[in-house]
Amino acid sequence: MSVNLNRTAVTVALPKAQLEPAVLDVSQSYVYAQQQGLFNRIGNFFSGNPNSQQQVYILAQQKIQTAARQSPLLTEAQKNAEGMLDGMLTSLGFQHVTVTFGGAAAS
């Protein structure tokens, strides 16, 4: 953050918004509908595949991550951060507030 000499303008530099990996809470999740073909059902009957439900959850988690990446979440996050900082710093007496986003997110 940098402030001009007469304390009327401030510039805040933030890292770009980023998505965290999608996490599916399997204790709070269930399969609403699962469609399988005849051969899959016969194969599952003979193999007794206990991992089939886990595969559904993994696929769901991947789809959630993809949907988040394709959504305007990151743009909205930066817009909300800029609006919040602008409001807060203006209320503190700054007449000009500049918020920039760049570089990697802090870890």
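Me: Taking buried to mean under 20% relative accessible area, what share of the 107 residues in the chain is buried?
Reply: The model is a predicted one, and its chain exposes about 8500 Å², of which carbon and sulfur atoms supply 57%. Counted over the 107 residues of the chain, the buried residues come to 11%.

Me: In what order do the secondary-structure elements of the chain run from the N terminus on?
Reply: The chain has three helices and three strands. Read from the N terminus on, these elements follow the order β-β-α-α-α-β.

Me: Is Thr8 buried or exposed?
Reply: Thr8 is found in the loop between strand E1 (2-3) and E2, where its side chain makes a polar contact of 3.0 Å with the side chain of Asn6. Leaving aside neighbours within four places in sequence, Thr8 is in contact with Phe94, Gln95 and His96. Because its relative accessibility is 19% and the cut-off is under 20%, Thr8 counts as buried.

Me: Which residue in the loop between E1 and E2 has a positive phi although it is other than glycine?
Reply: Phe94, when residues up to four places away in sequence are not counted, touches Val3, Arg7, Thr8, Ala9, Val10 and Leu89. One of these, lying in the loop between E1 and E2, has a relative accessibility of 57% and so counts as exposed. The residue with phi near 55°, a positive value in a residue other than glycine, is Arg7.

Me: What is the relative accessible area of Thr98?
Reply: Thr98 is found in strand E3 (residues 96-101) and, leaving aside neighbours within four places in sequence, is in contact with Val10, Thr11 and Val12. Thr98 is classed as partly exposed because its relative accessible area is 39%.

Me: What is the relative accessible area of Gln65?
Reply: Gln65 lies in helix H2 (residues 52-70), and its contacts, leaving aside neighbours within four places in sequence, are with Leu19, Glu20, Pro21 and Ala22. Gln65 is buried because its relative accessible area is 16%.

Me: About what area does the nonpolar surface patch with Met84 have?
Reply: Met84 is found in helix H3 and, with a relative accessible area of 48%, is partly exposed. Since patches are made of residues with over 30% relative accessible area, the value for Met84 lies above that cut-off. Met84, Met88 and Leu92 together make a nonpolar surface patch of about 320 Å².

Conventions:
Residues numbered from 1 in each chain as written. Predicted model: local features only at pLDDT ≥ 70, side-chain atom pairs only at ≥ 80, totals over all residues. Heavy atoms only, no water. Contact = heavy atoms within 4.5 Å. Helix = DSSP H or I, 4+ residues; strand = E, 2+ residues; numbered from the N terminus. Buried < 20%, exposed > 50% of the residue type's maximum accessible area, 1.4 Å probe, protein only. Polar contact = N/O pair within 3.5 Å; in protein donor to acceptor, adjacent residues only side chain to side chain. Patch = residues over 30% accessible without salt bridge, like charges linked within 9 Å, V, L, I, M, F, W, Y side chains within 5 Å. Areas by Shrake-Rupley, 256 points an atom, 1.4 Å probe, with all protein chains shown as cover. Salt bridge = Lys/Arg side-chain N within 4 Å of Asp/Glu carboxyl O.
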